[in-house]
Amino acid sequence: MKMTELQQDAITELINIAFSRAAASLSQLTACRVDLEVPEVSVHLISEISGAVGKFVSGEVATVHQVFTGPVAGDAFLLLNFAGAVHLVDLLTGTEDTLGTLGASAREVVHEIGNIVRNACLGVFGNLLDVHFSFSVQHLNLADLARLVPS
């Protein structure tokens, strides 16, 4: 599927608004400034995803995955490099107790971050597009990016 320039601009703007809302939520929770870059929007075959995502992250990653249905349906993924996930947990909990790992309580924090970011993003989509989404239970995965994509 190839997007027209107008479609790409519209989706980029939707994502920019949604990410700004998510960043504001994370900024409030962490008491840290969250900087954003203009999002890049592209469409890829599943077989090309590792290479496309590999430009931004590689190795161990933490993902929060949730399926959504409605007039627009799909899979929402929050993908964090492992070190970034650990750092974000430390910022949110105000400690450095993770010691570079993601134990059970740290995983719950990442899971909740997924809720916050997904709600911010899909909430903006739903409100601006006037559509309602239904959600499955979200799942947290810790895996190497190369093993995650084929699954």
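A residue is called buried if its relative accessible area is under 20%, exposed if over 50%, and partly exposed in between, using a 1.4 Å probe and protein chains only. Helices (H or I, at least four residues) and strands (E, at least two) are DSSP runs, numbered from the N terminus.

The model is predicted: local features need pLDDT of at least 70, side-chain atom pairs count only at pLDDT 80 or more, and totals for chains, interfaces and linings use all residues. Residues are numbered from 1 along each chain as its sequence is written, and side-chain values use heavy atoms, with hydrogens and water left out.

**Stop 1: strand β1**

Select residues 60–69, which make up β1. Seven of the 10 residues in this strand are buried, so β1 is largely enclosed by the rest of the structure.

Two strands pair if DSSP finds at least two bridges between them.

- Select residues 74–81, strand β2: eight bridges join β2 to β1, and the two run antiparallel. Phe 68 stands opposite Gly 74 of β2. The hairpin of β1 and β2 has four residues between the strands, and in this hairpin Gly 70 takes a positive phi near 145°.
- Select residues 139–144, strand β4: β4 pairs with β1 over six bridges in the antiparallel sense. Look for Leu 140 of β4 opposite Val 64.
- Select residues 134–135, strand β3: the pairing with β1 is antiparallel, over two bridges. Ser 134 in β3 is the bridge partner of Thr 69.

**Stop 2: the aromatic rings**

A pair of aromatic rings is described by the distance of the centres and the angle of the planes. Rings of Phe, Tyr and Trp (its six-membered ring) pair if their centres lie within 6.5 Å; planes under 30 degrees apart count as stacked, over 60 as edge-to-face and the rest as tilted.

How many aromatic pairs does the structure hold? There are two. For one of them, show the side chains of Phe 68 and Phe 133: they are edge-to-face, 5.3 Å centre to centre, with 85° between the planes. This pair links distant parts of the chain, 65 residues apart: Phe 68 is in strand β1, while Phe 133 is in the loop between α4 (104–129) and β3. Phe 68 is buried, with a relative accessible area of 9%, and Phe 133 also counts as buried, at 9%.

Next show Phe 135. Phe 133 and Phe 135 form a tilted pair, 6.3 Å centre to centre and 45° between the planes. Phe 68, Phe 133 and Phe 135 form one aromatic cluster.

Arg 118 lies over the face of Phe 135, 4.3 Å from the ring centre. A charge sits over a ring if NZ of Lys or CZ of Arg is within 6 Å of the ring centre and within 35 degrees of the ring normal.

**Stop 3: the salt bridges**

A salt bridge is a side-chain nitrogen of Lys or Arg within 4 Å of a carboxyl oxygen of Asp or Glu. By this rule there are two.

Select Arg 33 and Asp 35: they form a salt bridge, with the closest N and O atoms 2.7 Å apart. Asp 35 is exposed, at 59% relative accessibility, and Arg 33 is exposed at 74%.

Then select Glu 40 and Lys 55, whose side chains meet in a salt bridge at 3.6 Å, N to O. This pair links distant parts of the chain, 15 residues apart: Glu 40 is in the loop between α1 (5–30) and α2 (49–54), and Lys 55 is in the loop between α2 and β1. Lys 55 and Glu 40 are both exposed.
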